[in-house]
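Please read the briefing that follows alongside the sequence and the coordinates.

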Amino acid sequence: MSKNLVIVESPAKAKTIEKFLGKDFIVKSSIGHIRDMPRKNMGIDIKNNFKPSYEVSSDKKKVVAELRKIIKTVDKVWLATDEDREGEAIAWHLAETLKLAEDTPRIVFHEITKSAITHAIKNPRVIDKSLVDAQQARRILDRIVGFELSPVLWQKVSGAKSAGRVQSPVMRLVVEREREIKEFIPVSSFKITANLLTKKKDILPVKLKKNIESFDNAEVFAKEVAKSDFTISDITKKPTSRSPKAPFITSTLQQEASSKLGFSVKQTMVLAQNLYRKGFITYMRTDSVNLSEEAIKQASIVIENTYGKEYVEIRRYKSKDANAQEAHEAIRPTDLSKVSIREDDKEVKLYKLIYRRTLASLMAKAKLEKTIIDIDISNSDLDFVAEGETLTFDGFLRAYSFELGEDSLLPKVAKGESLKLDEFLSKESFSRAKPRYTEASLVKKVETMGIGRPSTFASMVSTVQDRNYVTKETREGSQREYRLIKIENSKLVIDKDFENTGAEKHKLFPTDVAYLLTDFLVEHFDTMIDYDFTANIEKELDEVASSKYPYQDVLNRFYKKFHAKIDKAMELSREEVNKVTKLGMDPKSNKLVTARFGRYGPYVQIGDKDDEEKPAIAAIRGELSIETITLDEAMELFKMPRLVGEDEKFGKIRANYGRFGPYIEYSKKEATPPVKTTTKTKTKKAKKETQKKKYVSLKEITPEEVNLEQALELIAIKEKLDAERVIKAFEGSDIEVLNGRFGPYIWNGKKKGKGQKNITIKKIFGEKKKPIDLTLKQCEDAISGKLKPKAKKKVVKKKK
């Protein structure tokens, strides 16, 4: 019988730790938080000093029951959840729920190794209530914002689902950056480059230090160059160096994994968590760049043995942030003798990145020699310059080759040497707006602004995407003309060419809802979405964690202002919030065309609801935005549905956009149920054929582009799949017996939301009934409820 129970929050972590502890220990997992505030109400007594109420989550009742059972059989319980505030809160909830003693030992470790676990067992502490209070304050703040603000949004802001205290400023960053880009006006200038020939006929690439602002000035300079002589006026050589970056913290790991490995922020954290739980790396949620003396010592041995003594340069990094206390060490391998590991391919890639960054941070600087050659132009006041760089000692770049560029070697020349013009190019270039955010650059931005903490970075970026306020997209861009001035055979040649501009890969774009919601929050909840306010809240939570004052003080200061704004916002009408943009007049009807926001998103409308005729509406789709849509773009949207063509079998075939994306609409002749007709002599049954509308999704072709041949191919595939899916159909009835994911079923022929019913055949008729043998009457009785599911026979075990 084990004498000790160690409780961690992860099953994978439990298995790893159990290997290091002896037979006197049993390690069990809480699988994260075991209790939370109730789902049906806020769970916070605001009048009673913001007192929260908690209940065990329904999916954790079995876990709690098992832990209680084990506790009765052991002498001692150890709480070993993660070392950040969230982990401290989990430990406290466990202690409260399991009714553990106040002095129950709490152990923390930043790596899952035998030495770290043994050290933690020898040096326990009690639960840090200040860390728990800081986590509770954050949770209560977010809960209040969610419960009080969300109803306002549901009633006032079309399409808005919720607005989080931290996620809203993140959404605002993306919206404001997009508006900056849309408002940016590119300014053109001319970049000058040339190739000069040395006496030995070697090519010396040169450039003008500054761009020339206008075409006329660029043309004048080109004429001067065409008639000039070129002489080397100065040669400067100077040594430079490049230093390695600090070992990874949470944010820098997310950024580097994105740029070097193409991983999303969320993916990086999942992989890092797996590596931590398996004991390969230290704790992955940290804002400390510190490395332990043991790690530094091991790294220096590995570097010396692998690369040589001259590559070792011990550094002791310190965080610039005074509040960097989430964990005590940077993210590093637990054992630097392991260059690689045998795990999932993506985990291996991330491990190697962490390994190489850790080694590089303790290696010597890379040494380079930079050469600058100045060239005099005889007929101009401007000078050409040639720059080159040579790596003389690779240093840390030997381990972290991601930052190793190619040598830019220059040919050997002498001061005063004459050169000849070989090629000259003056190319028009355009100033650029600030780039759109990637997930990684957004994390870097919020970290710089002090919004959020290492444990929240990934969730902040993923939440705004999950709520459809921000989308990650790749866009092709568009063609742009630019001008060229060349010198060929001592003569000026003026030309033009085209380049692709505005192309984006995996960049973050705001949705139309984000614009609307951001404007609403800025106008009516300015403090909540203010960047400084959010950063200051984080600082106050840090101070709560440092025991400077009770968490209720933070909540009181926030709630008084926040609740007053809630009351004011409820007085607003939907028309005041969901503003209508006037685009112009429809050329045909001379009615006003407007852009609006509705239940299913942004749309354009011709006319008004008070007109005699019903207003025509069309959804705003594709890359069009309610922010920037023009009258011409709006009128193009009304050209749908488009008639693609006609077919003898499938009738008129149309292409259109719908709520769930682009589609093809066609018809198929089907018989309706028999209709009784009475004459003077007899009664007879008459059949009638109707056209049933059917649809097929368009995925790779747009409704504007699809032709009749392509549409018929897609329809043929759809009809074939439908035929394979249908086990049995009944003439004159919509009812069908179909194959489904979970076996054969009866379908009443109606669509979802319009009375659809699906009846599993096995539940009604048992295992032996063949679906093909079902009659129409049996299917009708099953749908109407006349036939009930067969009760399962209870198997009673006989006692031995």
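At what angle do the axes of helix 16 and helix 17 cross? In this predicted model, the axes of helix 16 (residues 531-545) and helix 17 (residues 551-569) cross at roughly 160° and come within 9 Å. Because an angle over 145 degrees counts as roughly antiparallel, helix 16 and helix 17 are roughly antiparallel to each other.

**Helix packing**

- The contact between these two helices is made by Phe533, Ile537, Glu540 and Val544 on the side of helix 16, and by Tyr551, Val554, Arg557 and Phe558 on the side of helix 17. Sorted by class, this contact of helix 16 with helix 17 has six nonpolar and two charged residues, with no polar ones.
- For helix 6 (residues 167-183) and helix 12 (residues 439-449), the axes come within 11 Å and cross at roughly 120°, an angle that makes helix 6 oblique to helix 12. The crossing of helix 6 and helix 12 is right-handed.
- In that pair, Val170, Leu173 and Val174 of helix 6 meet Leu442, Lys445, Val446 and Met449 of helix 12. The class count for the contact of helix 6 with helix 12 is six nonpolar, no polar and one charged.
- Helix 9 (residues 265-277) packs against helix 11 (residues 345-360) at an angle of about 85°, and the two axes are 10 Å apart. Since angles of 65 to 115 degrees count as roughly perpendicular, helix 9 and helix 11 are described as roughly perpendicular to each other.
- Helix 9 contributes Gln267, Thr268, Leu271, Ala272, Asn274 and Leu275 to this meeting, whereas helix 11 contributes Lys346, Glu347, Leu350 and Tyr351. By class, the residues of the contact of helix 9 with helix 11 are five nonpolar, three polar and two charged.

**Nonpolar cores**

- The largest nonpolar core has 132 residues, and those touching the most other members are Phe109, Leu149, Leu350, Phe520, Leu521 and Val604. Helix 5 (residues 129-156) supplies the largest share of this core, namely ten residues.
- Leu149, one of the residues in that group, touches Ile144, Ala163, Leu521, Phe525, Met528, Phe562 and Ile566 when residues up to four places away in sequence are not counted.
- There is also a second, separate core of 25 residues, which includes Leu204, Ile377, Phe384 and Leu419.

**Two residues and their surroundings**

- Ala595 has its place in strand 19 (residues 592-598), and with a relative accessible area of 0% Ala595 is buried, the cut-off for that class being under 20%.
- With neighbours within four places in sequence left aside, Ala595 is in contact with Lys579, Val580, Thr581, Leu583, Tyr603, Val604, Ile626 and Ile629. Val604 is also among the residues of the largest core that touch the most other members.
- The C-alpha atoms of Ala595 and Glu709 are separated by 35 Å, and the two residues are 114 residues apart along the chain.
- Lys565 has its place in helix 17 and counts as partly exposed at 22% relative accessibility.
- Although Lys565 and His524 are 41 residues apart in sequence, their C-alpha atoms are 6.8 Å apart in space. Beyond its neighbours within four places in sequence, Lys565 is in contact with His524, Phe525, Asp526 and Thr527; of these, Phe525 is also touched by Leu149.

**Backbone geometry in loops**

- Met640 and Pro641 are joined by a cis peptide bond, for which omega is about 0°. Pro641 has its place in the loop between helix 19 (631-637) and strand 22 (642-647).
- Ile31, a residue other than glycine, has a positive phi near 55°. Ile31 lies in the loop between strand 2 (25-29) and strand 3 (35-36) and is partly exposed, with a relative accessible area of 45%.
- Asn468, likewise a residue other than glycine, has a positive phi near 65°. Asn468 lies in the loop between helix 13 (457-466) and strand 14 (470-475), and at 41% relative accessibility Asn468 counts as partly exposed.

Terms used
Residues are numbered from 1 along each chain as its sequence is written. This is a predicted model: local features need pLDDT of at least 70, side-chain atom pairs count only at pLDDT 80 or more; totals for chains, interfaces and linings use all residues. Side-chain values use heavy atoms; hydrogens and water are left out. Axes are lines fitted to C-alpha atoms, for helices over the stretch in contact, and angles run from 0 to 180 degrees between N-to-C directions. Helices (H or I, at least four residues) and strands (E, at least two) are DSSP runs, numbered from the N terminus. Angles under 35 degrees count as roughly parallel, over 145 as roughly antiparallel, 65 to 115 as roughly perpendicular and the rest as oblique. Contact means heavy atoms within 4.5 Å. Ala, Val, Leu, Ile, Met, Phe, Trp, Tyr, Cys and Pro count as nonpolar, Asp, Glu, Lys and Arg as charged, and the others, Gly among them, as polar. Buried means under 20% relative accessible area, exposed over 50%, partly exposed in between (1.4 Å probe, protein chains only). A crossing is left-handed if the near helix is turned anticlockwise from the far one by less than a right angle, and right-handed if clockwise. A nonpolar core is a set of buried Ala, Val, Leu, Ile, Met, Phe, Trp, Tyr and Cys residues joined through side-chain atoms within 4.5 Å.
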